[in-house]
There are 2 protein chains.
Amino acid sequence: MPQGQPEVVPDDGLTTRQRRNRPLLAVHTGSMKGKSTAAFGMALRAWNQGWSIGVFQFVKSAKWRVGEEAAFRALGESGAGGPVEWHKMGEGWSWSRKRGTEEDHAANAREGWAEIARRLAAERHDFYVLDEFTYPLHWGWLDVSEVVRTLRERPGRQHVVITGRYAPEELLDAADLVAELTKVKHPMDAGQKGQRGIEW
Amino acid sequence: MPQGQPEVVPDDGLTTRQRRNRPLLAVHTGSMKGKSTAAFGMALRAWNQGWSIGVFQFVKSAKWRVGEEAAFRALGESGAGGPVEWHKMGEGWSWSRKRGTEEDHAANAREGWAEIARRLAAERHDFYVLDEFTYPLHWGWLDVSEVVRTLRERPGRQHVVITGRYAPEELLDAADLVAELTKVKHPMDAGQKGQRGIEW
């Protein structure tokens with residue numbers, strides 16, 4: 001909606017341009033699959049702006065998101081848009097020297113977050129996807145207050161999209177955009193199994 | 001969820017393999033933006049399977065989805081996944097000789113749907129995105145029953161994802177998957193205007 005007009009003009013002392021350029025913190029939550037799918041759809045637009053994309057997957061299985069990963073690697077390599085980096089916990093973080101030897105998921109998640117915090121401080125990317133990042137927060141592996149403070153205080157113009165169920169209230173409070181995906185009807189209810197090309 | 005087990009195994013006489021390979025008709029509806037974003041996210045996985053992707057935009061402005069279009073054109077040209085065709089009503093359908101001369105949106109929509117019906121009959125693509133296709137249905141430009149019958153009776157294994165508000169009940173009844181996007185919090189509520197790289 002390029003020409004969309006907001007219903008309310010806030011009294012925040014910002015110009016329209018400043019407000020337009022405000023970096024977003026978005027959370028995609030709810031019980032339905034598709035939360036990450038929508039985040040990767042957003043990343044297509046960011047890529048087209050030539051923005052640097054950083055994807056950080058906090059999923060347990062490296063089999064997940066293979067389609068999205070292949071597509072974003074191809075986009076990154078095409079040179080037509082922005083560069084793309086893709087890291088996942090399931091295979092050991094790609095910047096970690098401990099690859100494949102660390103079985104402690106909580107420690108992996110803490111290491112992953114520490115790297116993201118360093119990148120935010122350094123303004124390394126323009127658009128971050130923290131995929132399934134709500135789980136290490138929900139499970140108490142990470143300090144929610146510290147994570148939210150780091151996100152709130154991130155410098156520059158870095159957009160962050162976080163996906164997953166059970167997003168903590170404190171994170172939702174800090175978010176500019178919260179989208180909830182609701183299942184109305186799903187083929188798995190009718191006994192259909194997940195299928196290649198559709199689910200992964 | 002590659003290893004996901006369905007909760008119910010239906011008594012439909014199909015083998016698991018037949019059920020797994022059943023083509024999907026999905027509808028993304030609801031009042032929030034992100035319906036199309038999620039559809040394009042699904043298309044990334046389809047592309048990675050080497051499937052032929054056909055995108056048909058029933059939007060009024062050709063300015064919409066520029067990011068997604070650029071990304072899918074780059075993916076199609078990369079040769080790493082499936083081929084991609086992208087057609088939009090706003091610029092005249094690319095197979096039409098009337099390009100740029102036809103101002104009647106209803107006639108445009110009918111022409112677009114007729115072409116899609118021909119492609120479905122010919123099994124031209126593996127994965128179709130009919131973007132904002134609910135509007136010409138809602139506005140009475142197309143015969144809902146005829147569209148639903150054509151979709152139900154499409155041959156082979158062609159997946160179809162339809163996006164937009166006000167999806168007719170008859171279409172929802174025919175769909176295998178219906179996802180609704182619900183707005184919990186959106187920056188436009190706080191007076192923020194749409195921004196480049198995020199909204200388009």
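**Close-ups of a predicted two-chain model**

View 1. Gly79(A) sits in the loop between α3 and β3 (84-88) of chain A. Look for Gly50(A) as well: its C-alpha atom is 9.0 Å from that of Gly79(A), although 29 residues separate the two along the chain.

View 2. Start in helix α3 (residues 66-78) of chain B, where Glu68(B) has its place. Glu68(B) has a relative accessible area of 1%, so it is buried. Which residue's side chain does the side chain of Glu68(B) meet in a polar contact of 2.5 Å? It's Arg45(A), from the other chain. Leaving aside residues up to four places away in sequence, Glu68(B) touches Leu44(A) and Arg45(A) from chain A, plus Phe40(B) and Trp86(B) from chain B.

**View 3. Helix α3 of chain A crossing helix α2 of chain B.** Here we have α3 (residues 66-78) of chain A and α2 (residues 35-48) of chain B, whose axes come within 8 Å and cross at roughly 85°. That angle is why the two helices, α3(A) and α2(B), are called roughly perpendicular. On the α3(A) side, the contact is made by Val66(A), Gly67(A), Glu68(A), Ala70(A), Ala71(A), Phe72(A) and Ala74(A). The α2(B) side brings in Leu44(B), Arg45(B), Trp47(B) and Asn48(B). Sorted by class, the contact of α3(A) with α2(B) has seven nonpolar residues, two polar ones and two charged ones.

View 4. Side chains of opposite charge can pair when their charged atoms come close. Searching the whole structure turns up 18 salt bridges over all chains, and one of them joins the side chains of Arg65(A) and Asp131(A), at 2.5 Å from N to O. The pair links distant parts of the chain, 66 residues apart. Arg65(A) belongs to the loop between β2 (53-57) and α3 of chain A, while Asp131(A) is in strand β4 (residues 127-131). Are these residues buried or exposed? Arg65(A) is buried, with a relative accessible area of 14%, and Asp131(A) is buried too, at 0%.

**View 5. Glu85(B) and its two arginines.** Glu85(B) is partly exposed, with 24% relative accessibility. Its side chain makes a salt bridge with that of Arg119(B), 3.0 Å from N to O. Glu85(B) lies in strand β3 (residues 84-88) of chain B and Arg119(B) in helix α4 (residues 105-122), so this bridge ties together parts of chain B that are 34 residues apart in sequence. Arg119(B) itself is buried, with a relative accessible area of 4%. The side chain of Glu85(B) also meets that of Arg124(B) in a salt bridge, at 2.9 Å from N to O. This pair, too, links distant parts of the chain: Arg124(B) is in the loop between α4 and β4 (127-131) of chain B, 39 residues from Glu85(B). Arg124(B) is partly exposed, with a relative accessible area of 42%.

Definitions and conventions
Residues are numbered from 1 along each chain as its sequence is written. Chains are lettered from A and ligands numbered from 1 in the order in which they are written. This is a predicted model: local features need pLDDT of at least 70, side-chain atom pairs count only at pLDDT 80 or more; totals for chains, interfaces and linings use all residues. Side-chain values use heavy atoms; hydrogens and water are left out. Helices (H or I, at least four residues) and strands (E, at least two) are DSSP runs, numbered from the N terminus. Buried means under 20% relative accessible area, exposed over 50%, partly exposed in between (1.4 Å probe, protein chains only). A polar contact is a pair of N or O atoms within 3.5 Å; within protein, one must be able to donate a hydrogen and the other to accept it, and residues adjacent in sequence count only if both atoms are side-chain atoms. Contact means heavy atoms within 4.5 Å. Axes are lines fitted to C-alpha atoms, for helices over the stretch in contact, and angles run from 0 to 180 degrees between N-to-C directions. Angles under 35 degrees count as roughly parallel, over 145 as roughly antiparallel, 65 to 115 as roughly perpendicular and the rest as oblique. Ala, Val, Leu, Ile, Met, Phe, Trp, Tyr, Cys and Pro count as nonpolar, Asp, Glu, Lys and Arg as charged, and the others, Gly among them, as polar. A salt bridge is a side-chain nitrogen of Lys or Arg within 4 Å of a carboxyl oxygen of Asp or Glu.
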